[in-house]
Amino acid sequence: MRLINLAESKAEETYTGHSYGGNAPAADRIGLLNDILVWIRDNTPLLDRVFPPEVNGVIFYQPKVFEPVIALEPPPGFPRNPFLPQPGSVLIPGGTGISITGVQIENHGWEVLGIQSVRVDLHPVNSNQSYRSILAYPFDYPIITSSEFNVVQPGDIFRLNIDPVDVPPESAAKVTIHVRSKSGRYGSIVQEIVP
Amino acid sequence: MKRLSMLVMLFMLALPSACVPQPDGEDMPEIGIPVESLNSQVNAFAPKGWNTFKVGDPITLEIYVIGNEEIIFPPDFGIRTFLYRDGNWTEVVESVPVAYSHGDVILSPYRGNLFVSGTAVAFPILQNANDLMLLRIFVSGHIYRNGKATDEKVGAYVDVILHP
């Protein structure tokens, strides 16, 4: 699915958005529709259920030009990998791809939300098989302690910059934002981006 | 008629678990942590709102510390995935590489605050994508005391069933 540029860009940044549920395409939804009560092992009840359409997710990205990657001769003493192209031939074609720079969550509900993770799965345009996955958030610091720095209050719009994730030409990115409410409702916002 | 459709529905609900081989209760892969210690300090949980539970999709876990001490985890939470097949647990060694933009993670006891948690990802590459599959996914770390990681290894596991 190619995303549509919904609105004016800030600088050269493009953003795209769908609500989770509501008018989002069915393919963007994951999880079950039922409310399911589960118990973690210390018997704390968690309501593990998908969010109603009260959260909007937006992905920010910028165009980026990629140089082609040329196959090199193996280092002396190492045999040539027969599955790789001949040295000197193009391994990864150059061209224009994108760099994903951030996400935004708009909390239209009544509960405090936490952005628990942002994951980018890269796959070839002509295949659904991911070849690389990047957990882009939480992202800073050599060591983190989880706390409430990632919460979005009801009515708030929360922009989260991530370490840029490159999506080269001929690849697509599936961006998944995992959110959870204070009472234990879980949801995912999934966007497919094709440069 | 109503009774028949109810029976069919019950049968459909029971079908997935009936088709997945059930391991013996004491059958456990060896990961270097005593079985009785697993899930005592840490808890792993695979929320339905975060996962499709389809073969080929990643599995995202939420990790809580349910003990009283901080725990330090490697960036990938020491995640290991085992597949139950032919009466044995076999480690799934092929997986989509997952890159982490953060370093080690120190998790505090969650003490009822659900936002104090970590996120781990398993992305196994599984053959025979047409079968139901039972996976046991482990995470592990070390007790973090006085600003240092100790030798006390702790961990948790969660079982998930993947559908074709």
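This is a predicted model: local features need pLDDT of at least 70, side-chain atom pairs count only at pLDDT 80 or more; totals for chains, interfaces and linings use all residues.

A contact here means heavy atoms within 4.5 Å. Val139(B) is also one of the residues that touch the most other members of the largest nonpolar core, together with Leu61(B), Ile63(B), Phe73(B), Ile137(B) and Leu162(B). That core has 30 residues. A nonpolar core is a set of buried Ala, Val, Leu, Ile, Met, Phe, Trp, Tyr and Cys residues joined through side-chain atoms within 4.5 Å. Buried stands for under 20% relative accessible area, exposed for over 50%, and partly exposed for what lies in between (1.4 Å probe, protein chains only).

Which strands of chain B each supply at least two residues of this core? They are S1 (42-45), S2 (59-65), S3 (70-73), S7 (105-107), S8 (118-122), S9 (133-145) and S10 (148-162). Strands are DSSP runs of E with at least two residues, helices are runs of H or I with at least four, and both are numbered from the N terminus. Apart from this core lies another, of 27 residues, and its members include Val152(A), Ala173(A), Val175(A) and Ile193(A).

Before going on, a word on how to read the names and values. Residues are numbered from 1 along each chain as its sequence is written, while chains are lettered from A and ligands numbered from 1 in the order in which they are written. Local features need pLDDT of at least 70 and side-chain atom pairs count only at pLDDT 80 or more, whereas totals for chains, interfaces and linings use all residues, and side-chain values use heavy atoms, with hydrogens and water left out.

Now look at the rings. Over all chains, the structure holds 7 aromatic pairs. Rings of Phe, Tyr and Trp (its six-membered ring) pair if their centres lie within 6.5 Å; planes under 30 degrees apart count as stacked, over 60 as edge-to-face and the rest as tilted. Phe73(B) and Phe77(B) form a tilted pair because their planes stand at 35°, with the ring centres 4.8 Å apart. Phe73(B) is buried at a relative accessible area of 1%, and Phe77(B) is buried too, at 2%. In the pair of Phe82(B) and Phe138(B), the centres are 5.6 Å apart and the planes at 85°, so this one is edge-to-face. Phe82(B) sits in strand S4 (residues 80-85) of chain B and Phe138(B) in strand S9 of chain B, so the pair ties together parts that are 56 residues apart in sequence. Both Phe82(B) and Phe138(B) are buried. Ring pairs also link Tyr186(A), Phe45(B) and Trp50(B) into a cluster.

Let's turn to chain A as a whole. How many helices and strands are there in chain A? The chain has 0 helices and 14 strands. Of its 195 residues, 48% count as buried. Among contacts in chain A between residues at least 6 apart in sequence, 68% join residues at least 24 apart.

Charged side chains come next. There are 8 salt bridges over all chains, where a salt bridge is a side-chain nitrogen of Lys or Arg within 4 Å of a carboxyl oxygen of Asp or Glu. One of them joins Lys64(A) and Asp166(A) (2.8 Å, N to O). Lys64(A) belongs to strand S4 (residues 55-66) of chain A and Asp166(A) to strand S12 (residues 157-167) of chain A, so this pair ties together parts that are 102 residues apart in sequence. Lys64(A) is partly exposed, at 33% relative accessibility, and Asp166(A) is partly exposed at 29%. Arg119(A) and Asp121(A) also form a salt bridge, with the closest N and O atoms 3.1 Å apart. Here Asp121(A) is buried at 1%, and Arg119(A) is buried at 4%.

In chain B, Arg145(B) and Glu69(B) form a salt bridge with their closest N and O atoms 2.7 Å apart. Arg145(B) lies in strand S9 and Glu69(B) in the loop between S2 and S3, so parts 76 residues apart in sequence are tied together. Salt bridges that share partners join Glu69(B), Arg145(B) and Glu152(B) into one network.
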